2 protein chains.
Amino acid sequence: MNRQHTYLINGGVDDAISPLDRGLSYGDGVFRTFKVVDCLPVNWPIQYQKLVSDCGAIGIVCPSAELLMAEIQMLFDLDETAVAKIIITRGLGERGYAPPAVTAPTRILIKSQMPVYPASHFQDGVALYTCRTPVAHQPMLAGIKHLNRLENVLARAECRDPSFIDGVMMDIDGHVIECTSANLFVRIGSHLYTPDLSKAGVAGVTRQRILDIAHYLHLSSEIKVLELQEVLSGDEVVICNSLYGVWQVRRIAEQVWPIGKLASELRELLRL
Amino acid sequence: MNRQHTYLINGGVDDAISPLDRGLSYGDGVFRTFKVVDCLPVNWPIQYQKLVSDCGAIGIVCPSAELLMAEIQMLFDLDETAVAKIIITRGLGERGYAPPAVTAPTRILIKSQMPVYPASHFQDGVALYTCRTPVAHQPMLAGIKHLNRLENVLARAECRDPSFIDGVMMDIDGHVIECTSANLFVRIGSHLYTPDLSKAGVAGVTRQRILDIAHYLHLSSEIKVLELQEVLSGDEVVICNSLYGVWQVRRIAEQVWPIGKLASELRELLRL
């Protein structure tokens with residue numbers, strides 16, 4: 001297919017979103033983004049489990065894995081690597097915040113071209129800025145990839161300099177949480193730390209996988225409340241998401257690191 | 001018109017929302033809700049000014065007042081009182097949080113039937129519950145009626161008992177902020193206080209109007225950080241929004257007040 005994006009809405013190709021959809025009105029829904037290779041979604045069991053868990057956290061019944069998988073196979077082609085985004089909203093609603101007693105969730109599957117990342121991001125690493133927009137504390141929504149993402153939009157809009165590929169977001173106490181579209185790890189000696197997301201942030205699938213496999217690199221992995229200074233004075237910093245896998249961070253604001261091996265070792269382990 | 005809802009999208013009657021609209025993807029937009037009587041939006045200059053201000057706060061260029069007014073006059077009928085909701089989103093976007101350098105905002109105008117409120121809400125007052133879902137502190141978005149409203153959805157879903165018509169939301173420090181779809185005032189002697197919204201909450205048009213006219217009732221009006229206990233021990237509590245105007249609060253959780261005159265006096269002054 002030549003179009004930049006194609007999509008299915010509730011399985012249909014001709015549908016569009018109603019202006020009464022609560023996903024639009026209130027950001028009342030969740031989403032996932034992942035690679036699809038030869039019609040197969042990468043890390044599907046973990047992605048689907050997180051989708052179910054995020055839906056459940058806000059009281060939406062997630063469509064079945066079989067239904068979503070059938071639609072992925074309908075929309076994507078063999079011999080193609082592309083990006084899938086699944087959005088599940090609470091569905092149509094009358095005016096007012098109260099969720100309707102009976103709702104039919106809206107499911108949206110969007111196919112996009114795989115971004116073309118510069119080879120240098122993988123070989124040499126990347127630079128990050130620090131965001132002024134804080135991540136608010138909201139324990140009831142922390143960790144969930146929901147559709148209320150204005151903080152990420154404002155934080156990402158702070159820096160237009162293309163030499164900085166993402167920004168580090170901190171909470172209102174100044175603790176490091178994440179990047180606008182990535183999770184973050186810092187290695188200090190033989191310890192690999194990633195920020196505690198119990199008050200704010202999005203807990204990504206690649207973050208979870210790195211926590212699970214770090215021991216293969218003889219690193220202990222731990223979730224921790226992290227000050228920016230602890231990250232800046234760390235031995236190595238990497239960021240991760242489900243599209244590019246893992247990139248080595250060579251610079252955050254004025255702090256510079258030499259080239260390191262952690263990102264490439266993690267990519268190798270993750271086979272990304 | 002007999003349909004429950006009718007709408008215009010970018011001025012067109014046949015359009016629908018693209019699944020790539022950033023209003024859906026990220027809640028990247030703002031909205032207003034107000035009454036329209038005989039094709040005339042009530043308090044239009046203040047509503048429009050707030051729409052411009054909220055758009056500006058997140059970097060969206062608001063459509064002109066003339067364009068929006070022309071569309072209101074197209075969608076609404078003479079001899080009709082109905083509800084208008086205007087949604088302005090940042091428009092279509094590629095994948096990724098960074099706002100496109102050039103965007104065409106999406107404007108949505110929805111007409112709904114005027115809710116039929118029980119007469120007792122005006123005559124006798126209403127009861128409120130207290131929400132467990134806190135309002136997060138986010139100074140960059142405080143006061144703005146943006147599309148990231150999951151907190152309100154969760155807070156409103158906490159109580160299904162129809163005898164409680166709304167819930168009082170507090171911030172993570174326990175300070176009273178607002179109701180899920182109303183602002184709140186407490187009278188203590190000759191002082192009328194409404195919560196400080198510099199860290200969280202939505203600053204409504206009716207709240208602003210009450211702050212401006214309270215002196216006609218020989219009340220000093222003031223924005224103040226308010227503990228729940230200060231509200232519960234106040235002489236009178238009222239809530240307000242642009243649809244019902246002002247209602248007297250007779251009960252919050254276990255605290256009960258006798259019937260009072262403040263809401264009816266304010267309604268009279270506001271001519272709502």
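Predicted model: local features only at pLDDT ≥ 70, side-chain atom pairs only at ≥ 80, totals over all residues.

Reply: Residues are numbered from 1 along each chain as its sequence is written, and chains are lettered from A and ligands numbered from 1 in the order in which they are written. Helices (H or I, at least four residues) and strands (E, at least two) are DSSP runs, numbered from the N terminus.

H3(A) spans residues 65-75, and its buried residues are Leu68(A), Glu71(A), Ile72(A) and Leu75(A). Because these four cover an arc of only 105° around the axis, they sit on the same side of H3(A); the arc is that of the directions from the helix axis to the C-beta atoms. On the face turned away from that buried side, H3(A) carries the exposed residues Glu66(A), Ala70(A) and Met74(A). Buried here means that 20 or more other C-beta atoms lie within 10 Å of a residue's own, exposed means 12 or fewer, and partly exposed is in between, with C-beta atoms placed from the backbone.

Ile9(A) is buried because 20 other C-beta atoms lie within 10 Å. Neighbours within four places in sequence aside, Ile9(A) is in contact with Asp15(A), Ala16(A), Ile17(A) and Ile108(A), and also with Pro19(B). Contact means that the C-beta atoms of two residues, placed from the backbone, lie within 7 Å.

That last partner leads us across to the other chain. The contact between the chains takes 45 residues from chain A and 45 residues from chain B. On the chain A side, the elements that give two or more residues are E1, helix H1 (22-26), E4, E5 and helix H5 (150-156), and H5(A) gives the most, with 6 residues. By class, that side has 24 nonpolar, 15 polar and 6 charged residues. In this count Ala, Val, Leu, Ile, Met, Phe, Trp, Tyr, Cys and Pro are nonpolar, Asp, Glu, Lys and Arg are charged, and the others, Gly among them, are polar.

How do the two chains relate? Chain A is superposed on chain B by a rotation of 180° with 0.0 Å of shift along its axis, at an RMSD of 0.0 Å. The two copies are therefore related as by a two-fold rotation axis. The same surface serves both: 100% of the contact residues of chain A recur in chain B. The superposition is by least squares on the C-alpha atoms of residues with pLDDT of at least 70 in both copies.

On the chain B side, Glu151(B) lies in helix H5 (residues 150-156) of chain B. Glu151(B) counts as buried because it has 24 C-beta neighbours inside 10 Å. Leaving aside neighbours within four places in sequence, Glu151(B) touches Gln138(A) as well as Thr133(B), Val135(B) and Ala136(B). Between Glu151(B) and Ala136(B), 15 residues apart in sequence, the C-alpha distance is 8.3 Å.

Finally, a look at the sheet in chain B. Its 5 strands form an open sheet in the order E1-E5-E4-E2-E3, with antiparallel pairing; two strands pair if DSSP finds at least two bridges between them. E1 (5-9) and E3 (40-41) of chain B are the edge strands, each pairing on one side only. E1(B) and E5(B) (residues 106-113) are joined in the antiparallel sense over 5 bridges, and His5(B) has Ser112(B) as its bridge partner in E5(B). E4(B) and E5(B) are antiparallel over 8 bridges, with Thr89(B) partnered by Thr106(B) in E5(B). E2(B) and E4(B), also antiparallel, are joined by 9 bridges, and Lys35(B) stands opposite Val83(B) in E4(B).

Past E1(B), Asn10(B) lies in the loop between E1 and helix H1 (22-26) of chain B. Asn10(B) is partly exposed because 15 other C-beta atoms lie within 10 Å.
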